[in-house]
Amino acid sequence: MSSSSNLETRSIIDELRNFDKSGLFDLGHPLLNRIAESFVKAAGIGAVQAVAREAYLTAVEGETNAKTVEALVKGTGKESLQWGLAAGMYSGLTYGLKEARGVHDWKNSALAGAVTGAALALTSDGHSHEQIVQCAITGAAISTAANLLTGIF
């Protein structure tokens, strides 16, 4: 009985603070939890981004038909999958490398960024060898820069 009364007196702010600490998932292993949580959060961001882009294009063109709705659904699904894949893969790789090497440094970030960049290039239409290498280098550079700048800001 006391637990139900405790739940009734908790505010929404308390619930949100507890939510941040506990995470979205409990899949039995921190690596799986981290991958799933990163995937879901980034997929949501990708969906919002795709919907906003398609809504803007529809507003500019001023036309709504079955084709634009179909493009919205396809674009949203693809963007969600790509953003979720990137976040889940990057988060899982950085966690796994930290556990394997015992340290979290720029090397982990560079490798995770390179692998994630290459994987994202593979999800694009008509990918080439050059595009895959370029995305891997870009992913490594952005990830390494973010890791190095974390200590500054």
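Student: Before we look at any residue, what average pLDDT does the protein chain have?

Tutor: Good place to start, since this model is predicted. The protein chain averages a pLDDT of 84, and 85% of the residues score at least 70.

Student: And which elements have the lowest and the highest mean pLDDT?

Tutor: Helix α1, residues 2-9, has the lowest at 53, while α5 has the highest at 93. As a rule, where pLDDT is low, the predicted coordinates should not be read in detail.

Student: Okay, salt bridges next. How many does a search of the whole structure find?

Tutor: Five. Let's go through some of them. Start with Glu 37, which sits in helix α3, residues 30-61.

Student: Which residue does the side chain of Glu 37 meet in a salt bridge?

Tutor: Lys 41, with 2.9 Å from N to O. Both residues lie in helix α3, four residues apart, and that's about one turn of the helix.

Student: Is Glu 37 buried or exposed?

Tutor: Think of a cut-off here: buried means under 20% relative accessible area. Glu 37 has 19% relative accessibility, so it counts as buried.

Student: How far apart in space are Glu 37 and Asp 26?

Tutor: They're 9.6 Å apart, C-alpha to C-alpha, and 11 residues apart in sequence.

Student: How do the accessibilities of Glu 79 and Arg 53 read?

Tutor: Glu 79 is at 15% relative accessibility, so Glu 79 counts as buried. Arg 53 is at 29%, so Arg 53 counts as partly exposed.

Student: Where are the two ends of the salt bridge between Lys 78 and Asp 125?

Tutor: The side chains of Lys 78 and Asp 125 meet at 3.4 Å, N to O. Lys 78 is in helix α4, and Asp 125 is in the loop between α5 (106-123) and α6 (129-150), so here too distant parts of the chain are linked, 47 residues apart. As for accessibility, Lys 78 is partly exposed at 34%, and Asp 125 counts as exposed at 65%.

Student: Which residues does Thr 94 touch?

Tutor: Leaving out residues up to four places away in sequence, Thr 94 touches Arg 34, His 104, Asn 108 and Ala 112.

Student: Last one: how do I read two helices packing? At what angle do the axes of α5 and α6 cross?

Tutor: For a pair of helices, look at the distance, the angle, the handedness and the residues that meet. The axes of α5 and α6 come within 6 Å and cross at roughly 145°, and the crossing is right-handed.

Student: Which residues meet there?

Tutor: From α5 they include Trp 106, Gly 113, Gly 117 and Leu 122, and from α6 they include Ile 132, Cys 135, Gly 139 and Leu 148. By class, the contact of α5 with α6 has 11 nonpolar, eight polar and no charged residues.

Conventions. Residues numbered from 1 in each chain as written. Predicted model: local features only at pLDDT ≥ 70, side-chain atom pairs only at ≥ 80, totals over all residues. Heavy atoms only, no water. Buried < 20%, exposed > 50% of the residue type's maximum accessible area, 1.4 Å probe, protein only. Salt bridge = Lys/Arg side-chain N within 4 Å of Asp/Glu carboxyl O. Contact = heavy atoms within 4.5 Å. Axes fitted to C-alpha atoms, helices over the stretch in contact; angles between N-to-C directions. Left-handed = near helix turned anticlockwise from the far one by under 90°. Nonpolar A, V, L, I, M, F, W, Y, C, P; charged D, E, K, R; others polar. pLDDT = per-residue confidence, 0-100.
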